[in-house]
Protein chains: 2
Amino acid sequence: MVDIQDIRDAAKRIEPFARKTPVETCGTLDRLAGREIFLKCENLQKVGAFKFRGACNAVMGLDDAEAARGVVTHSSGNHAQALALAAKMRGINATIVMPSDAPRVKRAAVEGYGATVVECEPTQEAREHNAKVIVERDGATFISPYNDHRIIAGQGTTYLELHEQVADLDALIVPLGGGGLLSGMSIAARALNPDIRIIGVEPQLADDAAESLRTGRIVPQRPPRTIADGLRTSLGTLTFPIIQQNVDEVVSVSDEAIVCAMHLIWERAKLVVEPSAVVGVAAVFQEDFKARAGMERTAVVLSGGNLDLSALPW
Amino acid sequence: MVDIQDIRDAAKRIEPFARKTPVETCGTLDRLAGREIFLKCENLQKVGAFKFRGACNAVMGLDDAEAARGVVTHSSGNHAQALALAAKMRGINATIVMPSDAPRVKRAAVEGYGATVVECEPTQEAREHNAKVIVERDGATFISPYNDHRIIAGQGTTYLELHEQVADLDALIVPLGGGGLLSGMSIAARALNPDIRIIGVEPQLADDAAESLRTGRIVPQRPPRTIADGLRTSLGTLTFPIIQQNVDEVVSVSDEAIVCAMHLIWERAKLVVEPSAVVGVAAVFQEDFKARAGMERTAVVLSGGNLDLSALPW
């Protein structure tokens, strides 16, 4: 299990490589939400997403013999870029298994960081199979996007920073897909600020986590339709129990609310954020949320800023 | 004349109201520029532009009798919003004279801050005349967007912050329109870091400043065509001599280079910046600029982030 010491160790390990991201505030946002909102800007993290923290922790924590054999993952999202850059920084090989229908721009980004891309059929089975083949062939270390202790500890460092940057937080709101960021941050938050209210937010069109918590078992994701493409994954076997234990509630937001929140963050906070990054902002605008007592000082994590600027949803 | 002490006084005056903006870095930018670039993010300033610093300094520096009679300016740009918000914070009236062809969204923004908008014919004469009428009628204080000692001192606070945030800067690159930001920052920079190289950047389609420096007299702006709408003004009688004295050179960039730099800052630095804000970034990408020795550590000011998100130039 991951504990606060693992997260402190991760913070030390990634400190020379990762960015300490700023916390921004926005008067318009506070007025609309009816409380003080602190935006933890992981869109300004290396590779434009919090994913770099976990990938960097995993790569930098390998011993030299392991590192020499390289790392591998299957992903077409921010984790792929994060792992590619972390491997480049360590001077080792990264192989990314990508579905053949992945956007060219994502493939180019990963190759830009010097990683090897292996194409496969666009199915989960093909992705896993191809990654396994590389692990067996090269002795490379497989690094999951979220279901890995090193990743969870790395993502948890986001809360360590936030805790230094903003005093007396009442609530923490985190986007929820596979659960790596939420589980990691929740461990640090419970250790440093036991009474903080911890809320995960998922798209209504990908609300498997709420159902998983309700039923007590991991529910697979529905077919991906939400615009929040980073949150289309289901919970992992490692992240689920941490979230069960630490998280007070999971709320969901519509795609319309996501687009609206994204426009507001671009227009008023002047930050480029991707749809998945703003589910927490969409949540604090909901009427029932605004009506709640407490949570005067609420932190909302903006998880990333990678998207196609030529295809904006407005 | 404005000196470093005026700028320190301004910093103290605006400190409770203005934001201390972060400095961001970006690996891609450093590679493309061939040097270390530090982005001073005034797009994250209140109202989304450095203009708030000067307007706030001017408004907060009024004595109570002056303040009670309100403030007035003519502008359809960021200065209008900045003055409106500063006046709102002090609890006094602001009247903004705006040409009748100003975009509705800009008018709405100013009214959103509680200011009174007075429409006039879209000519410089009509703008000045209408502002003068209000000064005479109400005894309001006229606050120019840049040709005012209080404004110059306020904008100069940007350098005080930057100086604390980044050690050993070799060069400072600042967008140049009316010259308020460049003149203010240059005073602080010469006082705190006498050997720093100070460079103003203007659009090729609005390169009146270079010609003014060449000929030794203020050359009026050409008809406004550049996409960098915040830089379409000519130098002021107060800003020109400061720039003559402190600034090492003025360079110009094409509109194509501005759009390209803007896309890069959005895509890689994840910051929403307006065309006027990125002329400095466009400058550091020019081949002759990259070839220069020295300037290992160069600060570039991103001056603002206000633009219509539904009409992007790509």
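A crossover between two strands by way of a helix is right-handed if, with the strands pointing away from the viewer, the path from the first strand over the helix to the second runs clockwise. The legends below describe views of a predicted model.

**Figure 1. Strand β4(A), helix α6 and strand β5(A) form a right-handed β-α-β unit.** In chain A, helix α6 covers residues 104-112, and strand β5 covers residues 116-120. Strands β4(A) and β5(A) run parallel and are joined by five bridges. Within this pairing, A:M98 stands opposite A:E119 in β5(A).

**Figure 2. Strand β3 of chain A is paired with β4(A).** Strand β3 of chain A comprises residues 71-74. Four bridges connect β3(A) with β4(A), and the two strands run parallel. Here A:H74 has A:V97 of β4(A) opposite it. Helix α5 of chain A, residues 78-90, belongs with β3(A) and β4(A) to a right-handed β-α-β unit.

**Figure 3. Strand β4 of chain A is largely enclosed by the rest of the structure.** This strand spans residues 94-99. A residue counts as buried if 20 or more other C-beta atoms lie within 10 Å of its own. Five of the six residues of β4(A) are buried, and the strand is therefore largely enclosed.

**Figure 4. Domain 1 of chain A meets domain 2 of chain A.** Domain 1 consists of residues 4-49 together with 148-302, whereas domain 2 consists of residues 52-142. Taken over C-alpha atoms, the centres of the two domains of chain A are separated by 25 Å. In the contact, 19 residues of domain 1 face 14 residues of domain 2. On the domain 1 side, α1 (4-14) and α8 (149-165) of chain A each supply at least two residues. The largest share of that side, seven residues, is from α8(A). By type, the residues on the domain 1 side are eight nonpolar, seven polar and four charged.

**Figure 5. Chain A and chain B are in contact.** Each chain contributes to this contact: 15 residues come from chain B and 15 residues from chain A. Helix α12 of chain B, residues 255-269, provides the largest share of the chain B side, three residues. That side of chain B contains seven nonpolar, five polar and three charged residues.

Figure 6. The same surface serves both copies, as 100% of the contact residues of chain B recur in chain A.

Conventions: Residues numbered from 1 in each chain as written. Chains lettered and ligands numbered in written order. Predicted model: local features only at pLDDT ≥ 70, side-chain atom pairs only at ≥ 80, totals over all residues. Contact = placed C-beta atoms within 7 Å. Nonpolar A, V, L, I, M, F, W, Y, C, P; charged D, E, K, R; others polar. Buried ≥ 20, exposed ≤ 12 C-beta atoms within 10 Å, placed from the backbone. Pairing = 2+ DSSP bridges. Domains from an automatic or database assignment.
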